[in-house]
Amino acid sequence: MKTDHAVVTDDARTLALPADSVDLVVTSPPYPMIEMWDDIFAALDPAIGDALDADDGQRAFEAMHDVLDTVWAQLDRVLVDGGIAAINVGDATRTLDRFRQYPNAGEITRRMVDYGFDPLPDIVWRKPANSGAKFMGSGMVPPNAYPTLEHESILLFRNGPRRSFPPGDQTRYESAYFWEERNRWFSDLWEITGTAQGLDAGLRERSGAFPVEVPLRLIRMFSVYGDTVLDPFWGTGTTTLAAMLAGRESVGYERDADLRAAFDDRIEGLPDRSRQRATRRLERHREWVNERQDSGEDLGYENDHYDTPVRTKQERQLRLYAVESVAETAEGYSVRHTPIENLE
């Protein structure tokens with residue numbers, strides 16, 4: 001299997017993609033009213049800088065979302081019918097005229113619904129704070145303290161009715177997830193705090209990038225092998241990295257050419273790390289099987305590609321792929337994938 005990954009150094013507000021060319025959107029935009037992104041928003045709309053200088057937080061908040069809105073407005077066109085848009089965003093707390101919260105998740109939801117998207121149950125991504133202090137404000141006396149924000153939201157939207165596939169579609173069933181993965185992934189509360197196998201290398205602290213496990217889960221949950229995943233706010237390329245690991249194609253838009261140039265470091269040695277991750281995924285399933293069998297449960301089905309029982313009929317054709325090679329192209333990258341063989 002071969003997948004292509006395009007990285008476009010351009011502004012996603014002028015998304016130059018054909019209609020219905022994307023199967024899934026996974027992105028984490030700059031968060032309005034978070035100070036680290038003030039300069040980016042002000043460069044795109046000087047009125048935002050004026051509002052911040054005037055301590056007019058509500059005006060700045062709305063203007064920042066107007067900037068993001070120019071991207072959301074195009075998703076209906078490029079996303080296939082039934083395609084999912086997954087948007088990771090955090091609310092903001094800030095003191096301008098006075099302290100308040102700015103509800104980014106609610107504002108994006110409102111605007112996506114206005115564009116005709118159906119909101120689906122969202123996911124709370126909880127990231128426990130390093131500090132032992134769980135409040136902001138007045139210490140031990142009421143009433144002027146506030147809870148800390150220890151979570152972000154992964155907002156999910158569908159573009160019309162559910163996607164349809166031919167009965168028994170091989171690619172869809174090869175893309176299945178294990179029963180126990182489904183139960184963990186489709187919980188509405190994720191606790192993902194660490195980085196995995198050097199793939200993130202501290203990028204979240206420097207750039208706000210989400211850990212690769214977040215887009216990787218979303219891609220496996222809402223797309224099949226060979227689908228195209230779009231990230232209009234590419235940043236450090238975490239969605240593209242996840243798409244490579246997951247055997248999907250991808251398109252990323254990024255205004256900062258320096259971030260694009262740094263991506264090569266993230267894919268150094270990717271075939272070995274990809275194989276380790278895929279192998280570990282199968283090992284974790286077998287560990288789960290052993291636990292169920294030790295408790296006397298008969299799982300009832302056997303996977304066609306691996307010597308392992310599975311819980312449901314839909315898991316029988318499930319097949320894991322790893323990155324075999326990565327080659328740079330004029331548009332981005334070409335990746336070859338090879339199936340993981342049975343492990344004794």
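1. D55 counts as partly exposed in this predicted model, because its relative accessibility is 38%, a value that lies between the limits of 20% for buried and 50% for exposed. The residue sits in the loop that joins α2 and α3. Its phi is near 60°, which is positive although D55 is a residue other than glycine. Most residues other than glycine have a negative phi.

2. M33 also has a positive phi, of about 75°, and is not a glycine. Its place is in the loop between β2 and α1, the latter spanning residues 38-44. Is M33 buried or exposed? M33 is buried, because its relative accessible area is 1% and the limit for buried is under 20%.

3. M33 belongs to the largest nonpolar core, which has 39 residues. M33 is listed there with L17, W72, L75, M112 and L230 as the residues that have the most contacts inside this core. Several elements supply at least two residues each: the strands β2 (22-27), β3 (79-89), β9 (151-158) and β12 (249-253), and the helices α2 (46-53), α3 (57-78) and α4 (104-114). Which element gives the most to this core? It is α3, with 10 residues.

4. M112 deserves a separate look. Setting aside residues up to four places away in sequence, M112 touches W72, L75, A85, I87, F117 and F157. Of these partners, W72 and L75 are themselves named with M112 among the residues with the most contacts inside the largest core.

5. S334 is found in strand β16, which covers residues 332-339. Why does S334 count as buried? Its relative accessibility is 15%, and buried means under 20%. With neighbours within four places in sequence left aside, S334 is in contact with K2, T3 and D4, and also with S325, V326, A327 and T329.

6. The bond from P142 to P143 is cis, and its omega is near 5°. Most peptide bonds are trans. P143 is found in the loop between β7 (135-136) and β8 (146-147).

Note on methods:
Residues are numbered from 1 along each chain as its sequence is written. This is a predicted model: local features need pLDDT of at least 70, side-chain atom pairs count only at pLDDT 80 or more; totals for chains, interfaces and linings use all residues. Side-chain values use heavy atoms; hydrogens and water are left out. A nonpolar core is a set of buried Ala, Val, Leu, Ile, Met, Phe, Trp, Tyr and Cys residues joined through side-chain atoms within 4.5 Å. Buried means under 20% relative accessible area, exposed over 50%, partly exposed in between (1.4 Å probe, protein chains only). Helices (H or I, at least four residues) and strands (E, at least two) are DSSP runs, numbered from the N terminus. Contact means heavy atoms within 4.5 Å.
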